[in-house]
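Have it open while you read.

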Amino acid sequence: MDNGAIENLLQTRVLDGKRIAEQIQNEIKEEICKWVDRGHRKPCLKAILVGDDPASKTYVGKKMIASESVGVDSEAIRLPSSISEDDLIEKIKQLNSDDSVDGILVQLPLPEHVSERNVCNAVDPHKDVDGFHVTNVGRLTLNMDSFIPCTALAVIELIKRSQIETFGKNVVVCGRSKNVGLPISLILHSDARNECPGMEATVVLCHRHTPPEQLEIYAKTADIIISATGVVGLIKPHMVKPGACVIDVGITRVKTPEGKTKLVGDVEFEGVRKVAGAITPVPGGVGPITVAMLMSNTFKAARNLAATKATEQQ
Ligand SMILES: Nc1nc(=O)c2c([nH]1)NC[C@@H]1CN(c3ccc(C(=O)N[C@@H](CCC(=O)O)C(=O)O)cc3)C=[N+]21
């Protein structure tokens, strides 16, 4: 390795998502503690898990553990994959009208015979801690206060806490999923709004029909690359501008030659880290922060609902 390469390796920051998630959760834990000291009940989260997809079970499990550690009351409601859309929506309506519940989330994906859109729209938008209800999507688009999907919030929080500059910078987002790529793009190009400063970046949103040679051209101009596609090895070293920040939101389970499963992202980590100025690993990058942001959204729902109840009683 020549001196230049060594120097770059020394300068590359591997952004520690686990540490940031712990930091966020400690802050939330403290705030919830004060909240309960002021006479409120603990925030309450209900997670609906339909069927028994192993990855979904792992994620819901992580959400339950995080809830426990920050002082959120949580319950995983398990329903069979044979459940009808109507019955699932009926269950959601019960939780909507239950005053002891602040946050509701339905773990995705759902079985094929159930419309995810109908189910997400059945959740009371005030309890929609995933930010998937059409009202919250519309409000985010208009830069109004809303619940923002946890993965998008996680990327934004990671950028802010790592002091990555976004104002006037070029960002390439790979992947246009409604719950990840799209909201990330919306926030990154946002201008200043009342309660939070905008990110003010120029955003290019690439997807499966972006020709590979075009993706390379866009990526090479980017100060920040965010990849959320589930395409293993999509982002290669030659596509990255030296010093750029590379955020990997992809999570794919692959089998190792020894027959174990391991998690890999969209980014060729070992190669790209030699070029990038900052990079997130998988696992231990965006994933853990996603769970911390769910806690943040749940506490926000609890505060909003308590405030609404207080004004109703006046
Ligand atoms: N309604 C709904 N809301 C979601 O927020 C939602 C969802 N459905 N469906 C699936 C995705 C994915 N997701 C993750 C949560 C935690 C990690 C996480 O903690 N990852 C760890 C390790 C995970 C592991 O060990 O398997 C890491 O990256 O280091 C990752 C991904 C939430 N999602």
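## The nonpolar core

A nonpolar core here is a set of buried Ala, Val, Leu, Ile, Met, Phe, Trp, Tyr and Cys residues joined through C-beta atoms within 7 Å. Buried means that 20 or more other C-beta atoms lie within 10 Å of a residue's own, with C-beta atoms placed from the backbone; exposed means 12 or fewer, and partly exposed is in between. This is a predicted model, so local features need pLDDT of at least 70 and side-chain atom pairs count only at pLDDT 80 or more, while totals for chains, interfaces and linings use all residues. Residues are numbered from 1 along each chain as its sequence is written.

So what is in the core? The largest one has 89 residues, and Val155, Ile225, Ile226, Val240 and Val246 have the most contacts inside it. Helix H11 (residues 286-312) supplies the largest share, 10 residues. (Helices are DSSP runs of H or I with at least four residues, strands are E runs of at least two, and both are numbered from the N terminus.) Domain 1 (42-123) and domain 2 (148-287) each put in at least three residues.

Take Val155 as an example: leaving out residues up to four places away in sequence, Val155 touches Ile184, Ile226, Ile247, Val249 and Val286. Touching means C-beta atoms, placed from the backbone, within 7 Å.

## Two domains

The domain assignment of the chain gives domain 1 (42-123) and domain 2 (148-287); such bounds come from an automatic or database assignment. Taken over C-alpha atoms, the centres of the two are 28 Å apart.

## Strands and sheet

Look for an open sheet of six strands, ordered E1-E11-E8-E7-E5-E6, with parallel pairing. Strand E1 (13-14) and strand E6 (202-206) are at the edges with a single partner strand each, so one side of each has no neighbour in the sheet. Two strands count as paired if DSSP finds at least two bridges between them. Strand E5 (residues 170-174) and E6 share five bridges in the parallel sense, and Val172 sits opposite Val204 in E6.

Elsewhere, strand E2 (residues 44-50) pairs in the parallel sense with strand E3 (residues 73-79) over seven bridges. Leu49 has Arg78 in E3 as its bridge partner.

## Around the ligand

Which residues come nearest to the ligand? Of the 18 around it, they are Tyr59, Leu108, Pro283, Gly287 and Thr290; the cut-off is a C-beta atom, placed from the backbone, within 6 Å. H3, strand E4 (103-106) and H11 each give two or more residues to this shell. H11 gives the most, with four.

Definitions and conventions:
Two residues are in contact if their C-beta atoms, placed from the backbone, lie within 7 Å.
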